[in-house]
Amino acid sequence: MRIFLDTANIDEIRQAVRLGVISGVTTNPSLVAKEKHTNYKSAIQEICRLVPGPVSVEVMGQEAKAMVSEARELSTWHPQVVVKIPASPQGLEAISIISKEGIKANFTLCFSLNQAILGSLAGATYVSPFVGRLDDAGHDGMELVAEIVAAYQRYRIATQVIAASIRHPQHCLEAARVGAPIATVPYKVLLQMIGHPLTDAGIARFIQDWRQAQEK
Ligand code: G3P
């Protein structure tokens, strides 16, 4: 299983990369807007330099034609850029064009197995089911991840599932249990994944016992 960082914050990315466990980054327009980068293109290029893997960057166009031209432009920014395109008819049309040009797409805002199947048929490299937002709407978001993973395995579909809209460490556990090949997580959740009170207590106890032994 691989872990991506779901953020456009360069400091968070730098810190997470130092841990040696991050193999990609996903951004979206809301995450980018929060950071107020003075130069968006340079910020994405810096993220690509920091991260050893794909960096998803979303198109803002609504029509297939606009999505395609944005995707072509974004893909020139850095070889690691993966273009994020929403799960709409226009998105499918755009992915079917750019995938033939070798541009990698992340089919995003995916909320159903039908969307995930169509995204893979259009040629998406990744599909991103939004777990937390489905949970917010009273559904079981991880159930969708499990369904997509099972369908892709059954039909030997190469599109990779990114469990997205991850809100807490329990989501990461469940994503691992249902066989999601990738989970994209906020920095806070990444730290929660490694944190455990028994580890902290164990370290404190070892230090205390060691010091006491030195004093004897
Ligand atoms: O990866 C998708 C993510 O950025 C959306 O998360 O918490 O806004 O649903 P959230």
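Reader: Which residues surround the ligand?
Author: The ligand is surrounded by D6, N28, L31, F130, R133, A164, S165, R167 and T184, where a residue is near if one of its heavy atoms lies within 4 Å of the molecule. Residues are numbered from 1 along each chain as its sequence is written, and side-chain values use heavy atoms, with hydrogens and water left out. Because the model is predicted, local features need pLDDT of at least 70 and side-chain atom pairs count only at pLDDT 80 or more, while totals for chains, interfaces and linings use all residues.

Reader: Which polar side-chain atom lies 2.7 Å from an oxygen atom of the ligand?
Author: That atom belongs to D6, and polar side-chain atoms of N28 and R167 each lie 2.8 Å from a ligand oxygen. A polar contact here is a pair of N or O atoms within 3.5 Å; within protein, one must be able to donate a hydrogen and the other to accept it, and residues adjacent in sequence count only if both atoms are side-chain atoms.

Reader: Switching to S165, where is it found?
Author: S165 is in the loop between β7 (160-163) and α9 (169-177), with helices (H or I, at least four residues) and strands (E, at least two) taken as DSSP runs numbered from the N terminus.

Reader: And is S165 buried or exposed?
Author: S165 counts as buried because its relative accessibility is 9%, and buried means under 20% relative accessible area, exposed over 50% and partly exposed in between, using a 1.4 Å probe and protein chains only.

Reader: What does its side chain reach?
Author: The side chain of S165 reaches the backbone nitrogen of R133 at 3.2 Å.
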